[in-house]
Structure formats: structure tokens, C-alpha cells
Amino acid sequence: MKRKKPKIELRYYYMPAGSPILPLLGERWVQNYGTGIEDLHFHNFMEIGFCYYGEGILTLGEEKRKFTGRQFTVIPERFPHTTNSMGNTVCKWEYLFVDVEGFLRKNCESAVQAEKMLRRINSGALLMNEEEEPFIAECIIRIMEIMRREEEFYIQEASGFLMALLVRIARMNRTPEQEMLYEEQSRSMRIISDTLDYISDHYRENTKIEQLSANCHLSESHFRRIFSGCMHMSPVEYINLIRVRTACEKLKKTDRSVTDIGTECGFASDSAFNRNFRKLMGMSPAEWRKKGENYEQLLLKFDIRTEEGW
């Protein structure tokens, strides 16, 4: 019997206008984590978490590590992970989601410097004790308190601590092995970067994978492997993700019919639009449009199949 492929979930956040940081703070994050959740997930931004108390298991890719209170995590975007409390234990976490790439490109002296920091910061996920790295822990706590109070010039104040935090992480991750890993990953990313731009411009069209691979001067099978390795989803899944995300914007911000929006976003029929939208969002486009909290929640969930073992 063919073994069923595991699922991975993209939890998609929208960054507040004018801020590189989205804070998720307060009593909502005091809970028993992982109840009824088996699959890993990843985000479109870096996730920084601080555990005040509790214990459990944090899964980072294929690695499982025990966590306790006064520990913190730094998890790059697109890095699969999940948090599970130990038994019925209640844990208190608070989180910061950070647009690291946008922040560094805006605040570094050059694009080269920003890219160098970015590749080190994204080279792996961290789970560390407050005592082990008190400077990073202090930066995280300070940023959370600044974002909680929202006093005058708070974005500028939080940005200062954020830069100090990112510099520290970049220096920690300065190893020859990680530099070599980045070079390998960056070569693959450069191969498909034009494809991502092409999809962003042509997602409305009936784009064939054969055409995308030919544009990269690769065989179709090799192109699929490289794309899945970089994006953690197949090319078709990525195209449909872009289409559905665009449809969500139009459903929320316009009064156009569901049929018109589906056609404009590249779906060949109502049934194809409804099937793919429901697969990613868990409901039909019409049902999603009626839910007033869709954007206020700042969270969209997409169930995405990935290659086995990721």
C-alpha cells in the first residue's frame, strides 16, 4: 500500500502597515499547545517565541527537542515546526513575527550586507535558554513590552532592539558549514527566482510546468525537485496558492461575483475555483467572504502537501 504523504500547513500573516513586527501577545497564548494537531506548519515571516512557563516538545523539521520555561525560539520563515505541550500542561508563550528581509533591506548599508545577514539568520532554527543567551532573550522581552505599550515612537524603539537581535544571531551563525549550505541553497533559489516572478505576473494564465522548466533550461523532473526543495511545495501548489491569496484580497475588498473573481485569478471554472479554494482555506469562497474576521485575525491557513520527510 502506498504510504500517504504527510501534510504541512502554511500559516500566513499580514504585517501591520509601517511596522516590521507583528506581535501576538496576551492571554490567548496561555494554553495547552498541540491538542489535536499532528502536522507541521510554517510561516511567511520569521517567528520569534518566548516561553514564560510550561514544558513540552518542539519539533523543528525532523528534530524533536524538549522545551521548558524561560526558553526562546527563533524560527526562520518557511521552516517546518510545531509546538506540543507535555500532557495536560498549560504553557505561556508570546510571539513576534518579523519581516526580516524587508527590515534588513531597508536598514542595512548595502544589499550585499543585507543578503549576508539574511542567509546567516535563515540558516537554521534556534531553541535556547535565557541563561545561555541573555542578550537575545532581553531583546525579545524588550521588543514585546514595547509593542505591548505602543507608546510614542514605539516602532522606532522596537526596531533598534530588533536590529541588535538580528546582528547577534547573524554573528552566532557564522560557520563554514552554514556558508556552504547557503551557497547550495542560493544556487537553487537563483534558478527558480525568475520562475517565481513569472508566476506572480502570469498566474491568471494556463501555465504549463513544461514551460516553466524550459524557461530555466532544466528537465521537468529536475525543475520539480529544485522547486519543491526551495519552496516546500510543488509548482502547481504554488500557482494555486498565489491564485487563492489573490482571490481572498478581491473577495474581501470588492463586491464582484465569486465567478468573476475566480476567472480573473486564473481558474478555468467555478468548480476548479471552489475545489482549490476549499482545499486551502477549508471553506468555499462564498463562505469565506461572509466571515467578517478573515483579515482582522491576520491569519490565513493553507493546507499544503509536501514531499515525504520534510
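Of the 310 residues in this protein, 47% count as buried, where buried means under 20% relative accessible area, exposed means over 50%, and partly exposed is anything in between (1.4 Å probe, protein chains only). The model is a predicted one, so local features need pLDDT of at least 70 and side-chain atom pairs count only at pLDDT 80 or more, while totals for chains, interfaces and linings use all residues. Residues are numbered from 1 along each chain as its sequence is written, and side-chain values use heavy atoms, with hydrogens and water left out.

Let's begin with the overall picture. The protein has 11 helices and 12 strands; these are DSSP runs numbered from the N terminus, with helices being H or I of at least four residues and strands E of at least two. Its accessible surface comes to about 16,300 Å², and 49% of that belongs to carbon and sulfur atoms. Such areas come from the Shrake-Rupley method with a 1.4 Å probe, and for residues only the protein chains shown count as cover. Among contacts with a separation of 6 or more, 71% are between residues 24 or more positions apart, a contact being heavy atoms within 4.5 Å.

Leaving aside residues up to four places away in sequence, methionine 46 touches Val74, Ile75, Pro76, Glu77, Leu96, Phe97, Val98, Val100, Ile121 and Asn122.

Glutamate 101 forms a salt bridge with arginine 105, with the closest N and O atoms 3.2 Å apart. A salt bridge here is a side-chain nitrogen of Lys or Arg within 4 Å of a carboxyl oxygen of Asp or Glu. Glutamate 101 is partly exposed at 35% relative accessible area, and arginine 105 is partly exposed at 39%.

The structure holds 16 salt bridges, and helix H8 (residues 235-253) shows a 4-residue spacing in the pair of lysine 253 and glutamate 249. Their closest N and O atoms are 3.0 Å apart. Lysine 253 counts as exposed at 61% relative accessibility, whereas glutamate 249 is partly exposed at 24%. Lysine 250 forms a salt bridge with glutamate 264, the closest N and O atoms being 3.0 Å apart. Lysine 250 lies in helix H8 and glutamate 264 in helix H9 (residues 258-264), so this pair ties together parts that are 14 residues apart in sequence. Elsewhere, Glu94, Glu145 and Arg148 are linked in a network of salt bridges.

Now to the rings. A pair of aromatic rings is described by the distance of the centres and the angle of the planes. Rings of Phe, Tyr and Trp (its six-membered ring) pair if their centres lie within 6.5 Å, and planes under 30 degrees apart count as stacked, over 60 as edge-to-face and the rest as tilted. The structure holds 11 aromatic pairs. Tyrosine 13 and phenylalanine 97 have ring centres 4.3 Å apart and planes at 20°, so the pair is stacked. Tyrosine 13 lies in strand S1 (residues 7-13) and phenylalanine 97 in strand S10, so the pair ties together parts that are 84 residues apart in sequence. Tyrosine 13 is buried at 6% relative accessible area, and phenylalanine 97 is buried at 1%. Phenylalanine 223 and phenylalanine 227 form a tilted pair, 5.8 Å centre to centre with 50° between the planes. Another group, Trp29, Phe67, Trp93 and Tyr95, forms one aromatic cluster.
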